[in-house]
Amino acid sequence: MLPWGRALRAAGLLRSGPGAARRARCGPGERPVGRGAALPAGPDLRHFLRGAAAGETPPEPPPGSAPGAGRVYLETYGCQMNVNDTEIAWAILQKNGYRRTKELDEADVILLVTCSVREKAEQAIWNRLRHLKALKARRQQARLPLRIGILGCMAERLKEEILHREKLVDIVAGPDAYRDLPRLLAVAESGQQAANVLLSLDETYADILPVQTSAGGTTAFVSIMRGCDNMCSYCIVPFTRGRERSRPIASILQEVRMLSDQGVKEVTLLGQNVNSFRDMSEVQFQSAAAPVLSRGFSTVYKAKPGGLRFAHLLDQVSRIDPEMRIRFTSPHPKDFPDEVLQLIQERYNICKQLHLPAQSGSTRVLEAMRRGYTREAYLELVHHVRESIPGVSLSSDFIAGFCGETEEDHQQTVSLLREVRYNIGFLFAYSMRQKTRAYHRLQDDVPADIKQRRLEELITVFREEAARANEAMVGQSQLVLVEGPSKRSPSELCGRNDGNIKVIFRDAETEDAAGCKAPVRAQPGDYVVVKVTSASSQTLKGVLLCRTTLSRSAASR
C-alpha cells in the first residue's frame, strides 16, 4: 500500500474490503449524530461489490424523484477544482429535479463548496455559516425550511465538527460523494443530519458532464484527474481528495468536443497533479513502461507502469479544435518528459505557459517539504524548459515561513525569484494543517509576524521581477483572447495572451485580418492582435491592431 494509503486508513478516511463494511453501523461515510442516534443506513460495501462483480451500474433516480426537490443556491470557495466540483454537483442535482437560483433568499437548499488548504479559507466558511444561521432562524420562524450543506475539502477534513457545531449544517458531503447528494438531501428533509465523506479509489465523475456555471463563457475548465499521491509534508490534499485516479481519455475528449461546439475558445485541463495523468481504462496500454521523471527528481512512491499518459492526452485534446487554446494546471515539476515539452513547442494552440510550483528556494526546506528535488534540479528544469520552448511564460507557488525555515533559507527563496523571474506568482504564508506529515513530525516554529514579513518581501521581489519580465513585451504584438469588458472601465476590453497575462486595450473599431472591409468591434471569444504600450507586474496595456484567428496568427509568424 502507498504511504498515504496507510495514513488515510489510520485517519479513518479510507476503507476497503468486506471487513470495513461489517464494522460500519451507519451507511457508507455516515457518522452517528447525537447521543444514541444514527443516520439512516445506506447500502454497504458488499452491495456495491456484488453489483460490480455482476457488471451492474446503479440506476440513476428519475428526474424530480428527490423528495421536495427545490431551488439550490451554490457558493464556491477556493481553487478551480472546487469550481469544477460545483459544476459536477449541480449537474447531479439538476438531473434530480432541482432548480438553481442566484438569489440567496429564494433558496430551499444552500450548498457551500469549500477549501481546506489554509486556515484562512476555512475561517471564511465559519464566518459565512454565522451569517446563514440568522437566515435559517428567520426561515424557521416563517415555517419555510432551509437546508444547508457543506461540500468539498472542508467537509472531508472537519465532518464531525461541522455537524455538531451549533447544529446549523444539515448535510456534509466530501469530494467523492456528490452522487449521493440527492439521498443526503432527502434524509435532511426528514429533519436528520446526513453525511458521506468516504474517499474513493476510483471516482472521477467521468460519466457526468459538468454544467458550466458561466454559460456563454469563452473559457472552461475540464477535470482530467482527481487526488494526489505526492504526500508533500505541508499538504492536506491527499487527505481531502484521496489517491490519484484519472478519467478515461474518451470521456475527456467528449467533454472538450462539447465545449468546442458551444463556442468555448480556451480549455484548461485540470487536476491536483495534472501531468501525472495515467488512464488505465484501455487494456492494451496497461503494460506500458513508466515514464522517466525530470532529471534530479524523485517520488515517495514506486514508479507506476501502464496506462496512457499526459503527452498522449495533450496531443489528442489539441487536435479537436484548431481555434481552441489549451492550458493545464496544476502540474508537478517532476512530470515534464521531453515529449510533453516538444508537443507544447510544436502545437500553436497549446499555450506556451507552464506552472512550475517551486514552494521554496532552499534545498533544506524542500527536503523537509518532501518535494523530491533540490534547488539545483529545479533550476536545471527551468533552463531546459526555456531552451525547449522559447519565450515560455512561467508561473510558480511559494510558501513563506515553513517549519524550520531560517533567514538564510528565506533569502535563497528570494534569490530564486530573482534568478527565474516568473511572470505570474502565487505566494502564501505557511498554514499548518492537521493530518499532514508536517503536523505530526515538524514544529510550526516560525512566528506569525516573521512569516508575514517574509511573505511581504517575497511578494515585493516577485512584483519587481515580473514587472521587468512584462516590460520586455512593450512594443511587441500579442495575440489576445477577448474575455469581456474591463472591470475598471466599460470603454476598455480585457483578455489574456498566450502566457496567461491580462491585457487591457480600448474597445474600438478595428479591421479584420480575414480581409473584411467593414470595420468590426471585438467581442468576447474573438482573437485580436494588441500592440503592447505599457506593462506592470500583473497587466499589459496596449492598442488594438486587428481581429484575427488562432490559426491565421500562427501562420503569419
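Predicted model: local features only at pLDDT ≥ 70, side-chain atom pairs only at ≥ 80, totals over all residues.
Visitor: Why is cysteine 228 called buried?

Guide: Its relative accessibility is 9%. Buried means under 20%. Cysteine 228 therefore counts as buried.

Visitor: What makes cysteine 494 count as buried?

Guide: The cut-off is again under 20% relative accessible area. Cysteine 494 has 11% relative accessibility, so it counts as buried.

Visitor: Which residues of helix H12 are buried?

Guide: H12 covers residues 338-346, and Val340, Leu341, Leu343 and Ile344 are buried there.

Visitor: How do you know that they are on the same side of H12?

Guide: They cover an arc of only 160 degrees around the axis, which puts them on the same side. An α-helix has 3.6 residues a turn, so residues three or four places apart point the same way.

Visitor: What covers the buried residues of H12?

Guide: The cover includes helix H11 (310-318) and helix H14 (375-388). Strand S13 (325-329) and strand S14 (353-355) are also among the covering elements.

Visitor: What makes H14 and H15 roughly parallel?

Guide: H14 and helix H15 (residues 407-420) pack at an angle of about 10 degrees. Angles under 35 degrees count as roughly parallel. H14 and H15 are therefore roughly parallel to each other. Arg375, Tyr378 and Leu379 are among the H14 residues in the contact. On H15, the contact residues include Gln412, Ser415 and Leu416. The two axes are 12 Å apart.

Visitor: What makes strands S17 and S18 a pair?

Guide: Pairing takes at least two bridges. S17 (residues 477-485) and S18 (residues 492-497) have five, so they pair, in the antiparallel sense. Valine 482 stands opposite glycine 495 in S18. The two strands form a hairpin with six residues between them.

Visitor: How do you know that S18 and S19 pair?

Guide: The cut-off is at least two bridges. Five bridges join S18 to strand S19 (residues 502-506), so these strands pair too, running antiparallel. Cysteine 494 has isoleucine 504 of S19 as its bridge partner. In this hairpin, with four residues between the strands, asparagine 500 takes a positive phi near 70 degrees.

Technical notes:
Residues numbered from 1 in each chain as written. Heavy atoms only, no water. Buried < 20%, exposed > 50% of the residue type's maximum accessible area, 1.4 Å probe, protein only. Arc of directions from axis to C-beta. Contact = heavy atoms within 4.5 Å. Axes fitted to C-alpha atoms, helices over the stretch in contact; angles between N-to-C directions. Parallel < 35°, antiparallel > 145°, perpendicular 65-115°, else oblique.
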